[in-house]
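Please find below my note on the model under review.

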Amino acid sequence: MFSLASIGTITACLFIFGIFYFVLSNFRYMVTKAETSVGVTVFFEENITDTEKRDIGTKIQARPEVSSLTYTSADEAWAKFKSESLKPELAETFGDDNPLAGSDSYSVFLKDVSKQSDLVTYIETLPGVRKVNGSSATANGLTAFNSMIGFVGFVILAILLAVSIFLINTTISMGISVRKEEISIMRLIGATDFFVRAPFVIEGMIIGCLGAVIPLAVLRLIYGKVITALSERYNSLANLLTFIPANEEFKTLTPLCILIGLGIGFLGSMFTVHRNRGV
């Protein structure tokens, strides 16, 4: 009964852990995707040649923190501004004139948004660069949020591990109390410490393993359905709500949960048998 209770409780703990893992990993995935869309815009000095612009682009692309770089001509910038920000009748008043002439630029996207300030400082030193627009507040906010998610995940994992080890400890202690007479007889006929203790350690590891496999099976069934339902319900937020595919998610979660289950069982049972000197 205590073994079943321990399996059930570890199952519940790892199920909750799995849910938090999904939430935290997908939040981090979304933040990382958002980071790749946060970039800096590089504007050129007047009368700079196309060759010099390409040279600036080559130097920026060579930086290790740069993910991608795109060039936007003044005509493209004006066409985009007209379509997104101006009413057609107002845009027609400009005729063939381009009020954004000379505003061609590079849009630079980073692999790690926390490196934005270093990149901006470097670009500003390049000859021919007039201005660099960056969003330091957004970059710092995303970096801080990502760090917070990692810290919260660590705290939750530590609490769940502590609860699970306590439960294994209780289960093995009860098993030892029930079998004290059998253990005494085994001692009298010359059983070694390893021979007496090994079944309790194996029992703890089996409990931990079963407690990991059951929630994994349940989580595997519901994860795909949940992300599909969320994507369909909030399809207007498709650019923001990007989820990790189920197969990719469980490549990490499956071995992690099994190792946690086995580790909980091993540590809990070893701690218990060593604490009970008579075993």
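The points that follow move from the overall fold to the sheet, the helices, the salt bridges and the surface.

1. Basis of the note. This is a predicted model, in which local features need pLDDT of at least 70 and side-chain atom pairs count only at pLDDT 80 or more, while totals for chains, interfaces and linings use all residues. Residues are numbered from 1 along each chain as its sequence is written, and side-chain values use heavy atoms, with hydrogens and water left out.

2. Overall content. The chain has 9 helices and 4 strands, where helices (H or I, at least four residues) and strands (E, at least two) are DSSP runs numbered from the N terminus. Along the sequence these elements follow the pattern α-β-α-β-α-α-β-α-β-α-α-α-α. Of the 279 residues, 37% count as buried; buried means under 20% relative accessible area, exposed over 50%, and partly exposed in between, with a 1.4 Å probe and protein chains only.

3. The sheet. The 4 strands make up an open sheet in the order β2-β3-β1-β4, with antiparallel pairing. Its edge strands are β2 (66–72) and β4 (129–133), each of which pairs on one side only. Two strands are taken to pair if DSSP finds at least two bridges between them.

4. Strand β3 and its partners. Strand β3 (residues 105–110) is joined to β2 by 6 bridges, the two running antiparallel. Within this pairing, V66 stands opposite L110, and T72 has S105 as its bridge partner. Strand β1 (residues 39–44) also pairs with β3 in the antiparallel sense, over 5 bridges; here G39 is partnered by F109. Strand β3 is mostly covered, with 5 of its 6 residues buried.

5. Helix α5. Which residues of helix α5 (residues 116–124) are buried? They are Q116, L119, V120 and I123. Seen down the axis of α5, these residues fall within an arc of 100°, so they line one face of the helix. The arc is that of the directions from the helix axis to the C-beta atoms. As a general point, an α-helix has 3.6 residues a turn, so residues three or four places apart point the same way.

6. Salt bridges. How many salt bridges does the structure hold? The structure holds 2, a salt bridge being a side-chain nitrogen of Lys or Arg within 4 Å of a carboxyl oxygen of Asp or Glu. One links D55 with K59, the closest N and O atoms being 3.4 Å apart. Both residues lie in helix α2 (residues 50–61), 4 residues apart, or about one turn of the helix. D55 is partly exposed at a relative accessible area of 38%, and K59 is partly exposed at 35%. The other joins R63 to E65, with the closest N and O atoms 2.9 Å apart. In this pair R63 is partly exposed, with a relative accessible area of 23%, whereas E65 is buried, with 9%.

7. Nonpolar surface patch. I202, I206, L210, I214, V218, L221, I222, V226 and L230 form a nonpolar patch on the surface, with about 740 Å² of accessible area together. Patches are made of residues with over 30% relative accessible area and no salt bridge, like charges being joined within 9 Å and nonpolar side chains (Val, Leu, Ile, Met, Phe, Trp, Tyr) within 5 Å. The areas come from the Shrake-Rupley method with a 1.4 Å probe, and for residues only the protein chains shown count as cover.

8. V152, in helix α6 (residues 136–178), is 132 residues from F20 in sequence and 9.6 Å from F20 in space, C-alpha to C-alpha. V152 is partly exposed, with a relative accessible area of 33%. F271, in helix α9 (residues 246–275), is 70 residues along the chain from V201, and their C-alpha atoms are separated by 9.5 Å. F271 is partly exposed, with a relative accessible area of 48%.
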